[in-house]
Amino acid sequence: MEGTTETGEPLHRALGLTDDEAVAIERILGRPPNQLELAMYAVMWSEHCSYKSSRVHLRRLPTTGPEVLVGPGENAGVVDVGDGIAVAIRIESHNHPSAVEPYQGAATGVGGILRDIFTMGARPIALMDPLFFGPLDDARTRWLVEGVVSGISGYGNAVGVPTVGGQLTFAPCYARNPLVNVLCLGVMPVERLVLGRASGEGNLAILLGATTGRDGIGGVSVLASAGFEDTEAGTDKRPSVQVGDPFEEKRLIEACLELLDRGLVVGIQDLGGAGLSCATSETAARAGMGMDVDVRAVPLRQPGMAPFEVMTSESQERMLAIVTPANRHAVEEVCRRWEVRATVVGTVTAPGPSGGRLRVLDGPEGPVLADVPAASLSEDAPLYRRPMAPPSDAAARRAQDPAALPAPDDCGPDVLAMVQDTSWVWRQYDHQLFLNTVVGPGADAAVLRLAAPGLPPSRRGLALSTDANPRWCAVDPRRGTAWTVAESAVNVACAGARPVVLVNCLNFGNPEHPEVMWQLSEAVDGMAEACEALGIPVVGGNVSLYNESNGRDIDPTPVVAVLGVIEELRRRPPVPGLVPGHAVVVLGDTTDALAGSRWAVERHGQRGGELPPFDGPAIARLLRLLVTLVGEDDLLSGVHDVSEGGLGVALAECAVASATGARLRGVVGHGALFSEVPGRVVVCTGRPGSVLDAAAAAGVPAAVLGEAGGERLVVEGLVDLPVADLIAAWRSALPAALDEPLPAGESG
Amino acid sequence: MTARVAVVVFPGTNCEHDVVGALAGLGGDAELVWHGQRSLAGYDAVVLPGGFAHGDYLRPGAIARFSPVMEAVARFAAAGGPVVGICNGFQVLTEAGLLPGALQKNAGLRFVCTTTGIEVCTTRTPLTAHSAVGDVLRLPINHFEGNYTCDGATLARLRAEDRIVFRYTDNPNGSVDDIAGVCNEQGNVVGLMPHPERACDPLLGSTDGAVLLGSLLGVADTRSRAVPA
């Protein structure tokens, strides 16, 4: 019944299913599956769609809080940010498609995350893109960087959603398997929140948007749920990458938001991974209903497509709306005006004694091509407790001591080597559209006004930061992930925002390697510990596994994004910078721990040591202090979180941003200068006494390092550099590595 | 203020709400007008905002020039009404033949989103009536095809007829003669690549765009009083 491929391999294996999974499907159906059914299970039970290796761990994350309206498991997390406004937020990966076809891979990543947001009824108002590549001395990497950035720019700008920030990391482990994560944030009046449910027997399933083609077939199974073996990173997998059309998506956004605004749909769901199989089965299963889908009604992009291709195609820019028959014509009218195709492809059916069935029919009354329990495609997916073990070299690496590395006579060259202007990337993104971007890319966090057409007026603001530190997580995935959460929370607090919720994208290697599962499990525990300590619930996540090439896994790369709320956005919050005559103060515990720092890893090639234990109470105190200090008018003239490259790079970035130097003392050695342990913040202030008093009252250590001014950045005994040299190194780092001209205009 | 400003929306336009919001912030009354509309009766000024009209497919503006509203825009312009094309709107106006020249891909072949200096070169347009020649404004730019070009004879005419409205102080895209904006012979149709609507709120870092849009509203208001709607 199931058949074999030309080479004699059983079909289920060619589709990415294990023998055990094939047996499970037969048990669910009470008979062997036919080829169409097998194809539908193969995409829905793929690692990408089913989270079959990670679900057992993700349950340990805290997901509830008073402001959480929708937690993980829906298309996006939703949080109440006050004034009758809800924010929908989600982050996803498009790593494997981008490795194979960087422009379309990155572009369709943007398209997919946008649909996740407006599916909830929210208007997308901001995107962010954390990117991870190999070193730029490799031609293929430069091609990937060029393609990914162009893809994000080409799609995001044209679809009309600003890209307001991100992250850019280079490390050898990403050379053949870059990471392209994309976050989207949307806003809506609280009452417009909709969920992807196909309720109401006899309601119609209307497919909106693009035609269905052969692009992206098997994207989730063939591409996203397996690693790369050949050195040219799977060029044979290119046909599994979808092709994006931002103009179609723009019209789809406007049409869907109008449909939701006018209450014309019962439920709505985007078509992403696993295409129609996923959208029809998930909407039906969530409502406890069934659905009949007429595969012949689906508008096709090319003739002769087999039913399995129609049901598993990942063609972009499609949505499935559930509509009462009475509203059908009104829906068609809205779609006609926006030039969006709308086709009835199915009907919601009543559940039988064993639940709702998803049936695929060939023509409205035609033969039944597939008949499966709707819920079995998502809810009965296998759940694996894969073996876990720490890496064999874990103990040896922990025993290394970065403090034993030779102390530099002059830390200046290290500072110069680690500063980098990322504006070559984000100048290619429209980061200003919608007039909300108060602080754009390049600062600790993006700061946005909370405004959009149709929203109630609000004086609040949002702060958003995406963060990852694979170097820390390679040293210790648990503590590294906990500190990453702290880092992200401190970033939004530097904008004066109270951290509210977190979403994550867990990028790891091959889950069949016990050390990768151990890393994932440790990372989840670290995230849970930090989120509980700081009172930040997790409202959504995405897991990307099989990030490996030639059998080598990437460093564990949990990416987190923390959303913060600014109670009243009266003025632009302070950003990194120095004002001549003002004091430079460092807040937070002094530390000289260098494990996992850029200085140890990039400058000395040492990837070992031990991260300090996570200190939740100290971070919580710092967060409260920052919100108080930033909220006070004119108290801080500059603020910058100490992160990658440590205090040395943070001070250098402040100096570069305002073309002003400083004379500083009291930094005890290169360890204190380059340690990246979160919880330290540099502020510039004309009233250091007030800052020290507030810090003392909050229980946060604080020290005046010296005064800003002059044309040199001097840290007594460690650094003495002309600011002009810092600016030159900072500006040229990325263009020089990419062999690109220095850009004109302002980059700060 | 009695003026009504039409903000034209093509499928794929994305700056329409920003323009309406910025004009409203200056006391103006702006309304969205769908590209299928064939009349602009009752409006005192027309803005073609930025975005990607019809996806910018084929070439920016190449399809939008055939939208029904463009005939009405041409009639409105011929009657002396103020018409402003911002970014994609500028591209549409050149494709429609309402402004000379063309906008090709940026030198460097990259999309550029940044803030740059723009010098006002003439005050004879509705957008610059409140400025002085030589004023330098800080305005955001956001485009891939902003590299203004025209033949030598056209450039000579633009110079001779005082039709270069704005020049970049630090040319970001390779435009000939640093041109950031031009106008038609009568001066009532203006196209510019920078986005004045993105610089009308101190929270966003610059209010230099307000002087341009304020000028447009002033001219439209005078017109609304002179010509009963």
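Helix H20(A) comprises 21 residues and extends 30 Å from its first C-alpha to its last, close to the 30 Å expected at 1.5 Å a residue; the expected span is 1.5 Å times one less than the number of residues. The model is predicted: local features need pLDDT of at least 70, side-chain atom pairs count only at pLDDT 80 or more, and totals for chains, interfaces and linings use all residues. Residues are numbered from 1 along each chain as its sequence is written, while chains are lettered from A and ligands numbered from 1 in the order in which they are written.

- Of the 21 residues of H20(A), 16 are buried (20 or more other C-beta atoms within 10 Å of the residue's own, with C-beta atoms placed from the backbone).
- Helices (H or I, at least four residues) and strands (E, at least two) are DSSP runs numbered from the N terminus.
- Just after H20(A), Gly535(A) adopts a positive phi of about 65 degrees.
- The largest nonpolar core contains 328 residues, and Val87(A), Ala321(A), Leu464(A) and Ala489(A) have the most contacts inside it; such a core joins buried Ala, Val, Leu, Ile, Met, Phe, Trp, Tyr and Cys residues through C-beta atoms within 7 Å.
- H20(A), residues 514-534, gives the most to this core, with 11 residues.
- Ala321(A) touches Ile206(A), Leu208(A), Leu259(A), Val265(A), Ile268(A) and Val331(A), not counting residues up to four places away in sequence; contact requires C-beta atoms, placed from the backbone, within 7 Å.

**Strand E27 of chain A**

- In E27(A), residues 712-715, Leu713(A) and Val715(A) form the covered face, whereas Arg712(A) and Val714(A) form the uncovered one.
- E27(A) pairs with E24(A), residues 662-664, in the parallel sense over 3 bridges, and Arg663(A) stands opposite Val714(A); pairing requires at least two DSSP bridges.
- E27(A) also pairs with E28(A), residues 719-722, in the antiparallel sense over 4 bridges, with Leu713(A) opposite Leu721(A).
- The hairpin of E27(A) and E28(A) has 3 residues between the strands, and its Gly717(A) takes a positive phi near 80 degrees.

- Chain B has 5 helices and 11 strands, and 61% of its 229 residues count as buried.
- The contact takes 29 residues from chain B and 29 residues from chain A.
- E6(B) gives the most to the side of chain B that touches chain A, with 5 residues.

Definitions and conventions: A residue is buried if 20 or more other C-beta atoms lie within 10 Å of its own, exposed if 12 or fewer, and partly exposed in between; C-beta atoms are placed from the backbone. Two residues are in contact if their C-beta atoms, placed from the backbone, lie within 7 Å.
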